Amino acid sequence: MKKRYIEWDLPLADISNDSAKEKNIRKGHPSALHIWWARRPLASSRATILSSLIDLPGNENDKREISNILKKITSWDIVNKDNNYYLNRAKKLIEEQWENHPPRILDPFAGGGSIPIEAARLGCDTYSSDYNPVAVLLQMVILEWAQKFGFNIPNPKKKIGIDGEVEKINFLSYMVEKWTNRIFNDVEKEIGSFFKNKNENSIPIGYIWARTIQCQNPNCRAEIPLIRQFWLAKKNKIAYKPVFQGELKTNQEKKVNFEITKDVKNFNPEEGTVSRGNVKCLFCDQILKVKQVRKLGQIGKMDERMIAVVNYDFINNRKTFEIASEMDKELFKNSEELLFSKLDKWDGIESLLPDEEIVNLKGRMNVFIYGITKWEQLFNSRQKLILITIIEKIKEKYSEIIEDCSKIGNFEDKKDLNDAASAIVGCISLVLSRIPDTNSKGCHWDGSWEKTCTTFARQALPMNWDYIESNIFGIKGYTWKNILNNILSIINNSNFDNQSTHVIKSSATSLPYENDFFDAVFTDPPYYDNIPYANLSDFFYVWLKRAIGNYYPDLFSTPLTPKKNEIVYLSHLCDDYQDRTKEFFETELSKSFIEIHRVLKPEGISVIVYAHKTTEGWETMLNSLINSGLVVTASWPIHTELKSRLIASGSAALASSIYMVCRKTDREKVGFYSEIKPLIRERIEDKLQQFWKEGIAGGDFFISAIGPGMEIFSKYERVEKLSGEPVTTSELLEYIRTVSTNFIVDKLLKDSSSTKIDNESEFYLAYRWTYLDNEVEYDDARKLASASGVDLEKMWGTGGFIRKTGSKIFVLGPKERGSIDKPKNMIDVMHKALLLWEKGEKDKLSQLLSETGYSQDPAFKQFCQAIAESLLNGNKEKQLLEGFLIGIDLYTRSKPTTPKDQTDLKQFGGS
Ligand SMILES: C[S@@+](CC[C@H](N)C(=O)[O-])C[C@H]1O[C@@H](n2cnc3c(N)ncnc32)[C@H](O)[C@@H]1O
Ligand SMILES: [Zn+2]
């Protein structure tokens, strides 16, 4: 079988760079169509698809050309331009190799569609599916409808020019624009007047609300507004501030008032009334514990109150802020009355508002523990009114849309006509569906950036105390017009004249295709327990179902998104999901990999992307992969985060995803571990050299060694130990960890001095490089320790550098340890030396280094340097080390005495 380019090389740095940059692009980018969690970057999808579909040429010039094209086609700017030379060249290369038919490719876990859209852009015959109906709808927009209905028509709004030419426009985007405008103009006519400002030159951007509870101090009982912080515009020092009548913090109503202030000298706007869920009363200062606050929410004793208004002054083009007036409150009340009357009149079978239940997933759906247990409770009355009015108008307009389609689209076939009308309504439903994300009680006003933060800043629904209600009819912020314009530019950008796109709703565990059907499968399966897609997407599903369920019965037949076959590990988060265990994840993922193996042609290729922080998350995925019979032939770590962001957050989070290239080749029946181990080591070390040069670091480094290890391991159906027992993936991962840890330590210590470092200190170095100064799960720290021959359990407790809290391990720096009486290893000496250096106790420092034998030992200095290099700027230990290292030669110059305890130190490493 001929090698494909991806099985030889990839320009990792360029792909990673463009993949990371893409995260900041919104306008016209398909990811801005709608939220879908953990989308793959288009850049890495495009590059991996191209390099998987073309053979590795024999000649060096051709190889260079491919590498160059790969580097050039990853940037969004270039792809976004019409008629780009490199993109055309990429398509041509694929056409030349696949001269009889375009390659037929599949993504069975396609989510928001990043992978298939790139396959379609490159001219492939593209099949995609997902189990989740919301994901399928998103794929339909960009993959099916943008292609099928994105044909050109003469612009109906323009007359024929003198030259006889008529401007051509995209049918789908023209119709979506026209009908969204009609629908939303009708909505605005009906309810837009509920948003206005008494100043005619201003229009509200949004209203800031705070939830409220009553103080539980029996002598107080004041209303407490729950507020994280009081900033409105931090750069301009504008905040809102509680005011009290008179000296005493009391007034008759026991209800605090607010004023807008620029005087933040005697008032700290950062200090809200809620901190970590505990609430402080503004009147009596009593603290209500988080548990009490939750209880009040659960028994319906949490209310809310409009506090301030963010306006846009369109004469002076600036934001202004004011305390909510009686008129603002009155307008809200009026909108609420209209909502109630609509609810009274409603006689549909399905409730008008989404009263479906939210499932309480621990740590992911925290709203639940505050009594928010139904989806509709995430919206205030005016927000609900907007959504149901849009839904009402979409339904009203459907027959007119069909009529208009037949006039403008000239459809000969009745089915095509109906499909076109449904596609238009489907696209309009996304304008609707973006609204809950930008206008729910989960959105908050960010005073630092002066903008609204949307509901899904994270892959969760945390409790939000003070929220902003957007004016979708305004001119700034998340207005329906801005949302529409963005969707239109995505529809226009996604037309590649490729009619060979096929989107279906299907579980990847049972695909409706015959054997050996696909030339390639590119996919990004769920990552273990990372994202509860089905549960999160219910937030959108409940509205979409009410709006377009009639037109898409196959997608919206169930009360909530289907969950039964979703591949995810959730049993640790919810009692209702006791069947969704780790084993369930592994079995179902196995089934889907077996399906990939089945539908792939014998000479086909598959690229499977995976990312997970924990070894456990990897173990299950690798078991599934091995079960399927797919053989890994190459693997590439691709950064998807900007390095600066990781550094800024000081996070040890993974920045890379691993792209594993797999083939359907026959495997050898049995391999012997003793023979395979040296091959695994050799392959890993070889690849790690490359990854080290590419700047892969931290937790990503070990993860990036997994693929090369699998390249050897997966060649066998079974790998046996001498005892005849099979080698488990857990044992394989342990070995990979040892190889990668040794590699790191050798690299960091630059020369052969690693042999002089004791095991504990080696572990300390590997930990700092991998996890910086972050806490990690016990299990991962234990595995890292055992790679250095250290038994972690023996290490916490008295005087050591390990602290265990719950299931987490924290490796202490010198300041956290305090005094160290009897240093037992190199790390103890280093910590003690740093503390002495900080206090300026130079003699004691010289004495310590001399007594321990380190004053003349280059390994010690090298070790200190390696730790300093591993830590990030701003870290205290790094600062101490840098200072200490500047003068280290001064403290180590004195001739060492022969101390009596030096022999003890030699046992653990001192030479
Ligand atoms: C990591 S995401 C894919 C993201 C996608 N590559 C993108 O860029 O948007 C994994 C997807 O698998 C889907 N999924 C989970 N279980 C599934 C199953 N049994 N069959 C098909 N899809 C499933 C989820 O709904 C989710 O969209
Ligand atoms: Zn009180």
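**Terms against values**

Mentor: Start with H831, which is buried, its relative accessible area being 0%. This is a predicted model, where local features need pLDDT of at least 70 and side-chain atom pairs pLDDT 80 or more, while totals for chains, interfaces and linings use all residues. Residues are numbered from 1 along each chain as its sequence is written, chains are lettered from A and ligands numbered from 1 in the order in which they are written, and side-chain values use heavy atoms, without hydrogens and water.

Trainee: Why is H831 called buried?

Mentor: Buried means under 20% relative accessible area, exposed over 50%, and partly exposed in between (1.4 Å probe, protein chains only). H831 has 0%, so the word applies. The residue sits in helix α24 (residues 826–839). Helices are DSSP runs of H or I with at least four residues, strands are E runs of at least two, and both are numbered from the N terminus.

Trainee: Which residues does H831 touch?

Mentor: Leaving out residues up to four places away in sequence, they are Y764, F801, L812, G813, P814, R817, I820 and E877. Contact means heavy atoms within 4.5 Å.

Trainee: How do you know that the span of helix α21 agrees with what it should be?

Mentor: The expected span is 1.5 Å times one less than the number of residues. For the 13 residues of α21 (residues 759–771) that gives 18 Å, and the end C-alpha atoms are 18 Å apart, so the two agree. L772 follows α21 and has a positive phi, near 55°.

Trainee: Which atoms are the protein donors of the zinc ion (ligand 2)?

Mentor: They are the SG atoms of C215, C220, C281 and C284, lying 2.3 Å from the zinc ion. Donors are N, O and S atoms within 2.8 Å of the metal (3.2 Å for Na, K and Ca); water is not among the atoms, so sites may look incomplete.

Trainee: Why is the site of the zinc ion (ligand 2) called tetrahedral?

Mentor: Four donors count as tetrahedral if all angles lie between 85 and 135 degrees. Here the angles among the four donor atoms are 101 to 113°, and the site is tetrahedral. The donor residues are spaced C-x4-C-x60-C-x2-C in sequence. C215, in the loop between β5 (202–214) and β6 (223–226), and C284, in the loop between β11 (278–280) and β12 (287–288), are 69 residues apart, a pair that links distant parts of the chain.

Trainee: What is the phi of D497?

Mentor: It is near 55°, a positive value in a residue other than glycine. Most residues other than glycine have a negative phi. D497 lies in the loop between α13 (480–493) and β18 (501–505). Its relative accessible area is 68%, so D497 is exposed.

Trainee: How do you know that the radius of gyration of the protein agrees with a compact globule?

Mentor: The radius is taken over C-alpha atoms, and the globule rule is 2.2 Å times the number of residues to the power 0.38. For 911 residues the rule gives a value near 29 Å; the protein has 31 Å, so the two agree. The protein has 29 helices and 27 strands.

Technical notes: Four donors count as tetrahedral if all angles lie between 85 and 135 degrees; four count as square planar and six as octahedral if opposite donors are over 155 degrees apart and all others between 65 and 115; anything else is irregular.
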